[in-house]
Amino acid sequence: MILKIEGMMCPKCVKHVDKALNGVEGAADVVVSLEEKQATVTAAPELEATLVAAVVDAGYKVTEVVK
């Protein structure tokens with residue numbers, strides 16, 4: 001799934017989001033893109049809310065989730 005993320009402005013932001021998403025059990029193949037302002041994650045659909053919460057807890061806003 002793809003999480004569209006607002007608030008990432010630098011490579012350090014990308015590292016924060018990457019760490020947050022990789023901290024979710026069941027998340028794999030996490031790729032965070034500053035240029036595209038999104039994260040691509042391989043995860044079961046039922047983990048969507050947990051992934052969004054991890055990004056929000058890291059200090060960023062998820063504007064859309066594309067499955």
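Some ground rules come before the details. This is a predicted model, in which local features need pLDDT of at least 70, side-chain atom pairs count only at pLDDT 80 or more, and totals for chains, interfaces and linings use all residues. Residues are numbered from 1 along each chain as its sequence is written, and side-chain values use heavy atoms, with hydrogens and water left out.

The overall layout comes next. The chain has 2 helices and 4 strands. Their order along the sequence is β-α-β-β-α-β. Helices (H or I, at least four residues) and strands (E, at least two) are DSSP runs, numbered from the N terminus. The C-alpha atoms fill a box of roughly 30 × 20 × 20 Å along the principal axes. Contact means heavy atoms within 4.5 Å. Of the contacts with a separation of 6 or more, 60% join residues 24 or more positions apart.

Back to α2, which spans residues 48-57. Its buried residues are Leu-51, Ala-54 and Val-55. Why do they sit on the same side of α2? They do because they cover an arc of only 95 degrees around the axis. The arc is that of the directions from the helix axis to the C-beta atoms. An α-helix has 3.6 residues a turn, so residues three or four places apart point the same way. The face turned away from the buried side carries the exposed residues Ala-49 and Asp-57. Buried means under 20% relative accessible area, exposed over 50%, and partly exposed in between (1.4 Å probe, protein chains only). After α2 comes Gly-59, with a positive phi near 105 degrees.

The largest nonpolar core has 21 residues, and Leu-21 and Leu-51 have the most contacts inside it. β1, α1, β2 (28-33), β3 and α2 each supply at least two residues of this core. The largest share, 5 residues, comes from α1. Such a core is a set of buried Ala, Val, Leu, Ile, Met, Phe, Trp, Tyr and Cys residues joined through side-chain atoms within 4.5 Å. Beyond its neighbours within four places in sequence, Leu-51 is in contact with Met-1, Leu-3, Leu-21, Val-24, Ala-27, Val-41 and Ala-43. Across the chain, 34% of the 67 residues count as buried.

Now the hairpin. β2 and β3 pair in the antiparallel sense over 4 bridges; two strands pair if DSSP finds at least two bridges between them. Val-32 stands opposite Ala-39 in β3. The hairpin has 4 residues between the strands, and Lys-37 takes a positive phi near 55 degrees. The C-alpha atoms of Lys-37 and Met-9 are 8.9 Å apart in space, though 28 residues separate them in sequence. Met-9 lies in the loop between β1 and α1. Met-9 counts as exposed because its relative accessibility is 71%.

Last, Glu-6 in strand β1. Glu-6 has 44% relative accessibility, so it counts as partly exposed. Leaving out residues up to four places away in sequence, Glu-6 touches Tyr-60, Lys-61 and Thr-63.
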